[in-house]
Amino acid sequence: MLLIFLSIDYCYYMKNIPDSLSQVFQQINAAEQEFGRPTGSVKLLAVSKTKPVENIQAAIDAGQTEFAENYVQEAIGKITQINNPDLIWHFIGPIQSNKARAIAEHFNWVHSIDRIKIAKRLNDLRPPFLAPLNVCIQVNISREKTKSGINQEMLNELVEYCNKLPHLKLRGLMTLPAPYDNFKKQRQSFKQLRNLLVSLHSNLPDFDTLSMGTTHDMRAAIAEGATMVRIGTALFGPRD
Ligand SMILES: *Cc1c(COP(=O)(O)O)cnc(C)c1O
């Protein structure tokens, strides 16, 4: 019985991934227009954590090339199995020191750097034959005790440190703010991240990425200048 339900559920999302993908693109385009952002200025990262390779393949077949994962072991299994050099993989989860090597070897981007020790390890363990690892610093905008991310007061020091590391390319900031339902409040959090990026940008030419916005607050993030939105649920359905 359970198996039947599971497989119906599974087929449901399989069939609908191309539709979901085009709906999300429509929402992104609509928000770009609404808030005066250039068309195509917001990149979609498909957050595929906990979802099977078949779902990722369905998105690839529909044209998606950038994917984001949270759990190192799970992600590397999928990256190796799919083995497609055209894909770009983003790591967006908390980083344990002992997982830094695997992340440095398998990913193109890391969005969740929040301390010097991890930045140094990723730099030291990035294979020299690969391009520098693109990184964003995660900022704990809402100052939640349970959330990863650096506090704003500590940001300058980490930016300066990362900027000196030859195997990292510092690209911008990431945040996962407290989940407000209120559009205005959502915008306030994202605006803080944008202001931080703007205040640092003048000295750093490649520092242009604002990784912010998930399924429930993507529109507010785009209103405040997101250049990458990280969307899971709207594409692949709810996670267990
Ligand atoms: C899971 C996750 C997302 C995607 O969230 P959805 O609500 O499923 O769109 C985005 N960013 C991070 C850091 C996540 O962990």
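Entry 1, ground rules. I am working with a predicted model, in which local features need pLDDT of at least 70, side-chain atom pairs count only at pLDDT 80 or more, and totals for chains, interfaces and linings use all residues. I number residues from 1 along each chain as its sequence is written, and side-chain values use heavy atoms, with hydrogens and water left out.

I then looked up polar contacts, meaning pairs of N or O atoms within 3.5 Å. A polar side-chain atom of Asn70 lies 2.7 Å from an oxygen atom of the ligand, and a side-chain N or O atom of Arg239 is 2.8 Å from a ligand oxygen atom. For Arg230, a polar side-chain atom lies 2.9 Å from a nitrogen atom of the ligand.

I took helices as DSSP runs (H or I, at least four residues), numbered from the N terminus. The axes, which are lines fitted to C-alpha atoms over the stretch in contact, come within 11 Å for helix 2 (residues 53–61) and helix 3 (residues 72–82) and cross at roughly 50°. Helix 2 and helix 3 are therefore oblique to each other, since angles under 35 degrees count as roughly parallel, over 145 as roughly antiparallel, 65 to 115 as roughly perpendicular and the rest as oblique. Counting heavy atoms within 4.5 Å as contact, I found Val53, Ile56, Gln57 and Ile60 of helix 2 against Lys78, Gln81 and Ile82 of helix 3.

The axes of helix 5 (residues 116–125) and helix 6 (residues 155–163) come within 10 Å and cross at roughly 10°, so helix 5 is roughly parallel to helix 6. Here Ile116, Ala119 and Lys120 of helix 5 meet Glu157, Leu158, Tyr161 and Cys162 of helix 6.

Key: Axes are lines fitted to C-alpha atoms, for helices over the stretch in contact, and angles run from 0 to 180 degrees between N-to-C directions. Helices (H or I, at least four residues) and strands (E, at least two) are DSSP runs, numbered from the N terminus. A polar contact is a pair of N or O atoms within 3.5 Å; within protein, one must be able to donate a hydrogen and the other to accept it, and residues adjacent in sequence count only if both atoms are side-chain atoms.
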